[in-house]
Amino acid sequence: MNEQIWQNAAQASVNAGVIPMPVTGTVIELMQIIMDEKEAAFIPVLTKPMNLQEIKEKTNLSDAELEKMLDGLMRHGVITGIPSKSTGIAVYRLLPPIPGLFEFTLMKGEKTEKQKKLARLFDKLFREISDLVQSAYEPVVDFLKTVPPITRVVPIEQAVIQKHDNVLPYDDVKAIINKFDTIAVSTCYCRHEKDLLDKPCHVTREMENCFSFGQTAEFIIKYHFGKKVSREEALNIMEKAREDGLVHKAFHVKQDVANDEYAICNCCKCCCGTFQIYYLGGSPMQSYSSCLANVEASECTGCGVCEEACPMEAIKLVDDVAQVEKMTCIGCGVC
């Protein structure tokens, strides 16, 4: 086994992401499970999002060999190949370990020994990242302040009272779903990881409630990372997620809320990767949000239901009245 090939492959994957992490033995072991040595030797070519012609200029593979290589890497969830909206030409992107490989290698819902090993390694990687952050907390946090949040919280509409009529439509899950003709649903990779670790979710037993939209959904469907659903089916799944108390998190193209959403996850405190890394001390909760919870003290009965439901532990009862820590609240509306 050529150790340098795996070292270079792992470094290339890490470089493709925004989360700072060292190339540990855990990352390398993950790579060795997910791909073969030929694929590992190839992926450092993808130093940035590239079209087919750009990749050809950096490799000696024949057209047939290159097509086979890219197809295999896409099927393994190592790269994506999605057409550019402006040109229609497929752009290939190497995925980082988190978020990226974690999601794509677990979203099929498979329960093989390989998947169980991946789950254990990703769990170990989350903890390694947290240990790294805690060992150099101030500089890491300063760096994270320069990185746009990966997600945007979409409030549960029934729980949010708007006092103005200028609410943007992207703050409504239904409006997001209704924008797209192609919708795919996949197994929740976070919940599936916990199942593989024998730590089932405490909030819901629903597994297929991670959505992708548009061209991303077409890729997900083509390579069997999920299945196509109608708008009506998607809305029904979302309604169940709302009833279960899950947080709707939207992902925008290029992490820019001015761009369209390409995915929505329905997240819980006990399984979600971003909540998990937050509670492990690996990253502050970074998410765009348009709302904050507010308590009408005169109407509060002190029942404690909102305190128990809050995934951020931002609500505490003080003298039998709920109080919200505004700096911690993410405006999800679950309370």
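Biologist: Why is the crossing of α6 and α7 called left-handed?
Modeller: A crossing counts as left-handed if the near helix is turned anticlockwise from the far one by less than a right angle, and as right-handed if clockwise. In this model the crossing of α6 and α7 is left-handed. The model is predicted: local features need pLDDT of at least 70, side-chain atom pairs count only at pLDDT 80 or more, and totals for chains, interfaces and linings use all residues. Residues are numbered from 1 along each chain as its sequence is written, and side-chain values use heavy atoms, leaving out hydrogens and water.

Biologist: What makes α6 and α7 roughly antiparallel?
Modeller: Their axes cross at roughly 160° and come within 11 Å. Axes are lines fitted to C-alpha atoms, for helices over the stretch in contact, with angles from 0 to 180 degrees between N-to-C directions. Angles under 35 degrees count as roughly parallel, over 145 as roughly antiparallel, 65 to 115 as roughly perpendicular and the rest as oblique. So α6 and α7 are roughly antiparallel to each other.

Biologist: Which residues of α6 and α7 make the contact?
Modeller: On α6 they are P97, I98, L101, F102, T105 and L106. On α7 they are Q115, L118, F122, L125, F126 and I129. Contact means heavy atoms within 4.5 Å. By class, the contact of α6 with α7 has 10 nonpolar, 2 polar and no charged residues. Nonpolar covers Ala, Val, Leu, Ile, Met, Phe, Trp, Tyr, Cys and Pro; charged covers Asp, Glu, Lys and Arg; the others, Gly among them, are polar.

Biologist: How do α6 and α10 lie to each other, and what is the crossing angle of their axes?
Modeller: The axes of α6 and α10 cross at roughly 70° and come within 9 Å. That angle makes α6 roughly perpendicular to α10. F102, E103 and L106 of α6 meet Y189, C190, H192, E193 and L196 of α10. This contact of α6 with α10 divides into 5 nonpolar, 1 polar and 2 charged residues.

Biologist: What makes β6 and β9 edge strands?
Modeller: The open sheet of 7 strands runs β6-β4-β5-β8-β7-β3-β9, with mixed pairing. β6 (227-229) and β9 (287-288) each pair on one side only.

Biologist: Which strands does α10 lie across?
Modeller: Helix α10 (residues 189-196) lies across β4, β5 and β8, at about 40° to β8. Helix α11 (residues 214-222) also packs on the sheet, touching β4, β5, β6 and β8.

Biologist: How do you know that E261 and K179 form a salt bridge?
Modeller: The rule asks for a side-chain nitrogen of Lys or Arg within 4 Å of a carboxyl oxygen of Asp or Glu. For E261 and K179, N to O is 2.8 Å, and the pair is a salt bridge. It links distant parts of the chain: E261 sits in β8, K179 in the loop between α9 and β4, 82 residues apart. By this rule the count comes to 16 salt bridges.

Definitions and conventions. Pairing = 2+ DSSP bridges. Helix = DSSP H or I, 4+ residues; strand = E, 2+ residues; numbered from the N terminus.
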